[in-house]
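Please look through the sequence and the model below before reading on.

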Amino acid sequence: MITLKDVTYFYPNHSVPSIKNINLKIQKGEFIVLTGKSGCGKTTITRVINGLATKFYEGRLEGIVKIDGQNVKEMPLWDLGKNIGSIFQDPKSQFFASLVEDEVAFGCENYGINADEIDLKVLKSLHKVNGDKLIGKELFNLSSGEKQKVSIASINALNPDIYVFDEPSANLDMYSVEKLKSLLCDLKKQGKTILISEHRLYYLKDLADRYLYFEKGMLKEEWSKEEIDKISKDKWQKLGLRTLSFKNFIAVEKNTVDKELNNRMWIQLNNLEFRYKNNRIFDKLNLTLYGGEIVAITGGNGMGKTTLAKILCGILKEQGGKVEYLGKPLSPRNRKKKLYFVSQNTECQLFGESVKEELMLNDVKVKAEKVLENYGLSGILDRHPSTLSGGQKQRLTLAVSDVINRDVLIYDEPTSGVDGKNMFLISSRLKELASKGKIILVITHDYEFIVKTCEKVVLLSENQKVTSLRVNDHQEELLSIMSGYKEDNQYA
């Protein structure tokens with residue numbers, strides 16, 4: 001179904017290829033996982049296969065790429081789009097409509113499918129990704145995870161022969177990941193050919209036929225589903241990969257701060273209220289965060305986690321209640337001086353013409369190379385931020401937050417698009433910042449990262465219930481709740 005022969009690809013104005021000498025054959029109905037450290041070339045492989053590498057990014061392709069016997073260079077983009085469904089890492093970059101159901105219908109309309117059939121496809125496709133409640137909503141008011149669901153549903157409605165996913169789980173809560181897994185299982189049973197570029201591997205273990213490991217643009221290792229279970233723990237960690245299973249997953253003991261609470265920095269939310277139009281997000285929310293602790297905020301997609309972060313940072317103004325810092329009310333304007341928010345949308349936080357300039361934008365004199373080293377970004381000082389991989393951009397925004405040096409740091413999905421090695425690196429860095437007494441708040445669906453990094457987790461639910469758990473004491477309960485298996489679970 002897919003053939004790559006001696007394939008090398010250069011992005012425009014790049015002297016070094018992003019992938020080189022790739023030889024690969026993928027059979028019809030195979031389920032292939034592309035993995036490796038951030039920047040290894042996984043996303044470029046997907047772009048070469050779906051034609052975007054040459055027809056959109058306009059880079060230089062050497063070698064031959066064939067889809068079902070046809071040379072990609074000779075196929076028009078509309079024809080490729082009909083046969084290959086692509087789900088991008090940044091879902092909003094592929095949207096055309098303003099309403100959810102219009103977006104899911106958009107591709108079907110372009111290919112002339114009957115209107116009644118389109119309506120049925122829209123409903124079925126949204127149901128398959130746990131997106132029934134999204135019908136009638138405006139796309140750009142959705143959370144990142146909800147947008148991800150819509151992008152997957154819009155491709156599923158077209159029913160292509162080949163599916164190409166780039167980090168499809170990055171912004172999804174764990175219950176929605178289970179729904180994605182169910183969809184992938186259905187597609188595999190239908191005989192669809194599936195390629196997934198992914199760091200989070202646990203949900204793919206029972207589905208994948210082969211795993212392809214890339215390093216510095218080259219295909220270095222290949223494993224069958226039987227071989228991958230035999231890889232040693234030491235080799236797995238050396239390769240920088242995420243865990244394959246949460247079974248017997250052991251939490252790392254965190255350095256819980258035992259100082260008197262009165263001597264620690266703290267921020268408190270009292271009876272916080274906020275709503276979007278007629279949609280109540282928070283109603284008398286109460287929460288206290290202390291310096292020296294790393295606290296995870298989690299919950300289903302659209303539960304208000306990012307909204308909470310924006311209120312804390314003064315980007316949004318609460319509509320009731322108050323935010324206090326060390327016992328005194330803190331206005332939205334003054335919050336911007338005390339707190340710093342690292343958005344999961346890296347594109348809206350990178351402004352410089354080079355990585356070095358990005359670190360210097362806030363008139364802070366720093367040893368840029370040392371800061372980058374802390375986040376595994378050595379040797380990229382002169383590169384333009386737009387040329388970095390998704391995971392590299394993510395870590396660059398974290399490095400910038402480090403330089404700005406605020407008392408309270410809030411990170412929105414800091415491990416989205418990040419491999420196992422760099423997940424541990426980020427975890428280590430956040431622990432170091434917390435040890436200095438800073439308040440660290442992490443919005444995340446990443447159970448693996450929570451267990452390795454956070455002391456406490458705060459769960460937000462649809463019914464305004466707020467649950468706080470100490471991670472080391474409630475690890476199994478936390479996994480049960482986040483996965484949506486608990487009988488009274490609010491996410492399901």
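Are Y213 and W223 buried or exposed? In this predicted model, both Y213 and W223 are buried.

**Aromatic pairs**

The structure holds 11 aromatic pairs, and two of them are set out in the table below. A pair of aromatic rings is described by the distance of the centres and the angle of the planes.

| Pair | Arrangement | Centre to centre | Angle between planes |
|---|---|---|---|
| Y9 and Y11 | edge-to-face | 4.9 Å | 85° |
| Y213 and W223 | tilted | 6.0 Å | 40° |

Y213 belongs to strand β9 (residues 210-215), while W223 belongs to strand β10 (residues 218-224), and the two residues are 10 residues apart. Y9 and Y11 are likewise buried, and together with F56 and Y57 they form one aromatic cluster. A ring can also have a charge over it: the charged end of R60 sits over the ring of F10, at 4.1 Å from the ring centre.

**Nonpolar cores**

The largest nonpolar core has 91 residues, and those with the most contacts inside it include Y411, L430 and I440. Leaving aside neighbours within four places in sequence, Y411 is in contact with residues including V342, L398, L430, I440 and I443. A second, separate core of 30 residues includes I297, C313, F341 and I443.

**An exposed residue**

K337 lies in helix α10, which covers residues 332-338. K337 counts as exposed because its relative accessibility is 58%, which is over the 50% cut-off. The C-alpha atoms of K337 and R406 are separated by 7.6 Å, although these residues are 69 residues apart along the chain.

Conventions:
Residues are numbered from 1 along each chain as its sequence is written. This is a predicted model: local features need pLDDT of at least 70, side-chain atom pairs count only at pLDDT 80 or more; totals for chains, interfaces and linings use all residues. Side-chain values use heavy atoms; hydrogens and water are left out. A nonpolar core is a set of buried Ala, Val, Leu, Ile, Met, Phe, Trp, Tyr and Cys residues joined through side-chain atoms within 4.5 Å. Buried means under 20% relative accessible area, exposed over 50%, partly exposed in between (1.4 Å probe, protein chains only). Contact means heavy atoms within 4.5 Å. Helices (H or I, at least four residues) and strands (E, at least two) are DSSP runs, numbered from the N terminus. Rings of Phe, Tyr and Trp (its six-membered ring) pair if their centres lie within 6.5 Å; planes under 30 degrees apart count as stacked, over 60 as edge-to-face and the rest as tilted. A charge sits over a ring if NZ of Lys or CZ of Arg is within 6 Å of the ring centre and within 35 degrees of the ring normal.
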